[in-house]
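Colleague: I have a structure to go through with you. Can you put it up?
Modeller: Here it is.

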Amino acid sequence: MVKRFSYRIFFILVLSFLAGCSTEKNTAVSRAYNNLTSHYNVYFNGKESLRAGVDKINSSVEDDYSKVLPLFKSSNPTTATAASSDMDNAVVKGSKLIQSHSITKKPKRKKNKSKSYIKFVSQDEFNNWVDDAYVLMGKAYFYQHNFMSAIENFNYVVRKFENDPSRYTANIWLIRCYTELERYVEAYELIQVLQADQKFPKRLEGELATVTSDYYARQLAYGEGIPFLSIAVKQAAKK
């Protein structure tokens, strides 16, 4: 009898805690819970699916050393369906994260408002992984050669998360999308914007150099692309 009563108390406490973690509430507890669940459950699994899919794509194309090798094997049209299920799962996970864990409700107002607090409450999104979920879905769509859906997701990140570092990753992938679609004017405009940005993260310099080199290579302007390829090689973990 005592044991059953203890279980009831336990489950009541668990349900009460989960109710307090609802995305309808914006508290320190709800933010911590939804960030933790988003990162280590939903986003992690989606990212693993994306990684597995990229491995399948890269192994599905054999290099032809009698020709100039493309920088990205995924540019080959035959790879669009090589990892369809993995990419579909990545999209599902990203969508689930946004639908289940997005926190857009503003927190309760404080009487003493510091500059940091004013900046904090001015956000439209309070889950730190929602922008990453949009980037994840954008990448998955890209590898399926669904470039318009990829552009839609990356543009959303650029517009809605303009103060978050994820916007740089989104812009790099927008360059890849525009290059694949031969929309070279738009790709070049973004390249110039990122190269001129004093706050551009050093950790992404290799990726920017790679997509810039690819931009030139697609137009057979190898001379212009080689310096950027040299930068990319220096930054790459695997040469």
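**Salt bridges**

Modeller: Aspartate 214 and arginine 218 are four residues apart in helix α9, so about one helical turn separates them. Helices here are DSSP runs (H or I, at least four residues), numbered from the N terminus.

Colleague: What do the side chains of aspartate 214 and arginine 218 form?
Modeller: They meet in a salt bridge, 3.3 Å from N to O. The term means a side-chain nitrogen of Lys or Arg within 4 Å of a carboxyl oxygen of Asp or Glu.

Colleague: Is aspartate 214 buried or exposed?
Modeller: Buried, at 5% relative accessibility. Buried is under 20% relative accessible area, exposed over 50%, and partly exposed in between (1.4 Å probe, protein chains only).

Colleague: Which residue does glutamate 180 pair with?
Modeller: Its side chain meets that of arginine 218 in a salt bridge, 2.8 Å from N to O. This pair links distant parts of the chain, 38 residues apart: glutamate 180 lies in helix α7 (residues 166–180) and arginine 218 in helix α9 (residues 205–218). Glutamate 180 is buried at 16%, while arginine 218 is partly exposed at 27%.

Colleague: Which residues do the shared partners join into one network?
Modeller: Glu180, Asp214 and Arg218.

Colleague: New topic. What is the source of the numbers?
Modeller: This is a predicted model: local features need pLDDT of at least 70, side-chain atom pairs count only at pLDDT 80 or more, and totals for chains, interfaces and linings use all residues. Residues are numbered from 1 along each chain as its sequence is written, and side-chain values use heavy atoms, leaving out hydrogens and water.

Colleague: And how many salt bridges does the rule give?
Modeller: Six.

Key
Helices (H or I, at least four residues) and strands (E, at least two) are DSSP runs, numbered from the N terminus.
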